[in-house]
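Hello,

Here is the structure I promised to pass on to you. My notes follow just below it.

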Amino acid sequence: MTNLKPTSEPSVADSAELLAETSAESGRPVRSGWRMLLPTMTPWLAIGLGLIVAITLFGVIGPYLVGDPRAIRDMGLTGPSADFWLGTTQTGQDVLAQLAHATRGSLQIGVIVGLLATALSAFFGIYGAYRGRAVDEVFSLFTNVFLVIPGLPLVIVISGFVPAESRGLWTIAVVLAVTSWAGSARVLRAQTLSVRNRDYVAASQVSGERPWRVIIVEILPNLLPVIASQFVFAVIAAILGEAGLSFIGLGASNSSTLGTMLFYAQNGFALSLGAWWWFIPPGLIIALFGTGLSLVNFSIDEIINPKLKNLRLHRKRARRAARLERELAQAARRGGPAATASKESAR
Amino acid sequence: MTAADNRRDEAVLTEPALTEPVLTVEDLTVVYEVEQPVTAVKDASLTLHRGEILGLAGESGCGKTTLAYAVNRLHRPPARISSGRITFHDKDGDDVDILALEDAELRAFRWDKLSMVFQGAMNALNPVTTVRAQLKDTLLAHRPRMSRKEVRERSEEVLRRVGVDPGRLGSYPHELSGGMRQRVMIAMAMLLEPQIMIMDEPTTALDVVVQRDILREIVRLRDELDFAVVFITHDLPLLLEISDRIAVMLEGEIVELETAEKLYREARHPYTRKLLGSFPSLSGERGAFIRTGVDETAPGEETPEATTPTVPAQAPTEERA
Amino acid sequence: MTSVHVTDLVKDYTIRNGLKRTRLRAVDHVSLELTPGRTVALVGESGSGKSTIAKILTRMEKPTAGTVAVERDDGTTVDRSAYRREVQMVFQDPFASLNPFHSIEHHIARPLRIHNRTAKGEETRERVLEMLERVNLTPAANIAPRRPHELSGGQRQRVAIARALAPGAKVLIADEPVSMLDVSIRLGVLNLMGRLQREDDLAVLYITHDLATARHFSDEITVLYRGRVVERGPADAVILDPHHEYTKLLAAAAPDPERPGRVTAADPVDRDAIDNSACYDHFAGEWREAGVPAAEAKAVTRAD
């Protein structure tokens, strides 16, 4: 049989309304639009936030508590000990100290790239879609061009082209941002096109609202969950991308990141020498940070699509309703007084 | 005197005692199992007679759609039928207790004996297959032994019946106008010659001239094929035109069930009178409500609704969710 | 007080289909007069061009040809900068026309602030409450901080009306303002608009497909068919004594409990004969050419 249910495409643009409805249904009217955009606390979100906060604290405060990561000692490749919790490298450098500084470097890259990429995608995606016509065509074409450029090879080429001495943190960040914004911009463009055609946008234009205010005050709040999700994703991608670049020796020359740590570990034959304390900690931090951000992203997904939020609750209620109804059907089949039987079971 | 008037007079005379019932609903209650369970339909009882058009009028959230879905057991959890009895009286004399049907029996029952035209049905056609394929799928699902030729003939016949050129069988839904798609949906609903057709706001999204065509088609088909129609809408004047009897629903309860003529002339329930008064007459006097500035707020509307939980929409499918 | 003179409005849309371009004329030489205190109903089906006219009047679209002149009583013309203050619109769908993210107060405060009707926060707030009370949303202090989803459809549409009037609008374009509302509250909202119109001496363009409310709530009806005006005249004359075939068909398609059986009866006119080449003007009492500039429209003879 054909699909008989009216199909309505879900759109992120509806999320505010849906959220409002779901919260109203659960009996907690939400007065402030902003508070509505905060995810509800779930165990997964708590774990994710915990991981992010712990690693960020380690990256921010850690470097002040550890010794000089470059200091060379005459005790190469020793395992974890009371003096050096994570052992030493081939040249006797403190792995823990390196790890703290490397985490800081990776976080810096991640946040810078995340902000740059989000800004680029928001500009090209939202502004283009809002202006429409020629601007949209040009922006769209531009976005598509960037979308089909293979990211990593380009990054390798650019990084290889820029001389090592001028290949600083910012150069790498810009290169990563430029190659990673296009996908998000397309998503944002689609969402903006949807929101832009809402009557409330037209209404605010008719009341004389200036274009930038229409974008920022009327459209943007409805896109915030998507943008937040894209930012989180951009941070993960940037940290991984930078780690990849550094690992093949094309990273920022003047900074140390988790990627450079792995690069040196590889060069120092850490794996074949069994110096697990040298390569496992940076790898683990990358993995855990990525996990944390992903968990946060799942919670943001629930905001973008509030249906997910009430899914479990909804399923529970549906199961209960179905069970009660089955009892009624059975009672009817037995020929018993269905009405009374079910009324009792409803109690 | 128009044909419709004659028909109505006849109906008044013959009804309700002389025509046999095709569907009996007794004390049907439907509850939404949400935080605080909401009773969407409360002890609704009605009898649908063979060949009758029964109008079901009410405003958004009054439970009319929930009732229609529940009759067919098409409602989705968390909605559930908490009590009541629905009996279908088959043409060959069998009585079917719909609530007692097993899933497989229920699937066979739906569409075959009782079909539905959903709200916004014209957008429910599958956009990637032709009208022909969709009619065929429906036919073969219920009549697996039908030959290819029979399928084709039946498909052409139903399209012709609803006033769509059978040449359109090869068309994709987007190639048809809204009115045409709605007709195709009606054709699909009558494909298996059901004894009951439930139509939920079948014309709301259409222009009045197209609506008129479809209404005429429904009335004509009813006269020819003698199926019973439950016609759900908020448009009371429209129901007065086409229905034999009208049930008015308010907050889940059927507050009045009367022949169309009687309902219009001597409505008993105040809500019915209010609904009737909500439609200015096209040809009557320029009435009292005309720009007098009074009665700007409908009773009940001014009460703040923040405290009442949002009833999970009237449609069990919850289009938004 | 402000009136609007719409002269020979034309709007073409270009439809690109591969390399082929086709021109679609959505509005074809439509002329309208909106005067203070009077309501003109624009009646037609979807695709007849009525929403396009609304968009042009609210400057959301540019006309291909023709002029929209907005003039105050003292003869001064409303220029671009003041246009949005004078001409406002109420949208069809109250569920879509309010931003779910913002409070009711935001929706009314913004137009007040944009058009410098109020200076500072406290004053704006008072004006917002005043506006809410004007549209019978009481207690206003209770309604203002809420967000759209906490209000019913009728209440939302009242907010939309308050927003439209907030800049001090003198011309109101109401695009099917009640078609999405529950039937029992429609008349209430229309009556409200009627009162506001009298109080502020508004010029109102009431766009609708509902002939019955068009008749009761407007002074004048203009029937649009495929982009052209095919009949115009005083509300009662157009509905009770329609001349154009299309108007007759529309009138027959609207259910009327007083005269049952018309909807399901045979067509009163031959549908194939319906065209939009001529317009019956009840004021002049004659048929005129349609789809040509108003000044050049010649009288034509045509059997009714």
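In this predicted model, 47% of the 321 residues of chain B are buried, a residue counting as buried when 20 or more other C-beta atoms lie within 10 Å of its own, exposed when there are 12 or fewer, and partly exposed in between, with C-beta atoms placed from the backbone. Chain B has 10 helices and 10 strands; these are DSSP runs numbered from the N terminus, with at least four residues for helices (H or I) and at least two for strands (E). Of the contacts in chain B with a separation of 6 or more, 68% are between residues 24 or more positions apart. Contact here is two C-beta atoms, placed from the backbone, within 7 Å.

A word on reading the model: local features need pLDDT of at least 70, side-chain atom pairs count only at pLDDT 80 or more, and totals for chains, interfaces and linings use all residues. Residues are numbered from 1 along each chain as its sequence is written, while chains are lettered from A and ligands numbered from 1 in the order in which they are written. The model scores ipTM 0.85 and pTM 0.80. For chain C, the mean pLDDT (the predictor's confidence in each residue, from 0 to 100) is 86, and 99% of the residues reach 70 or more.

Now the core. The largest nonpolar core has 254 residues, and Val229(B), Val230(B), Phe231(B) and Leu205(C) touch the most other members. Such a core is a set of buried Ala, Val, Leu, Ile, Met, Phe, Trp, Tyr and Cys residues joined through C-beta atoms within 7 Å. Helix α4 of chain A (residues 95-131) gives the most to this core, 16 residues. Beyond its neighbours within four places in sequence, Val229(B) is in contact with residues including Ile53(B), Met197(B) and Arg222(B).

On to chain A. The unreviewed UniProt entry annotates "transmembrane region" at several spans of chain A, among them 44-66 and 275-300; such positions are given in the numbering used here, feature names are shortened, and annotations may be inferred rather than shown by experiment. Residues 44-66 of chain A are 96% helix and 0% strand, with end C-alpha atoms 31 Å apart. For residues 275-300 of chain A, the figures are 96% helix, 0% strand and 39 Å. Arg213(A) sits in helix α10 (residues 211-247) of chain A. Arg213(A) is partly exposed because 14 other C-beta atoms lie within 10 Å.

How do chains C and A meet? In all, 24 residues of chain C are in contact with 22 residues of chain A. On the chain C side, β5 (87-90) and α3 (104-114) each supply at least two residues, and α3(C) brings the largest share, three residues. By class, that side has 11 nonpolar, seven polar and six charged residues; Ala, Val, Leu, Ile, Met, Phe, Trp, Tyr, Cys and Pro count as nonpolar, Asp, Glu, Lys and Arg as charged, and the others, Gly among them, as polar.

Finally, some strands of chain C. β10(C) (residues 278-281) and β11(C) (residues 286-289) pair in the antiparallel sense over four bridges, where pairing requires that DSSP finds at least two bridges between two strands. They form a hairpin with four residues between them, and Gly285(C) in the turn has a positive phi of about 70°. Ala278(C) has Glu289(C) as its bridge partner in β11(C). Two bridges also join β11(C) to the antiparallel strand β12(C) (residues 299-300), where Val300(C) stands opposite Trp287(C).

Best wishes
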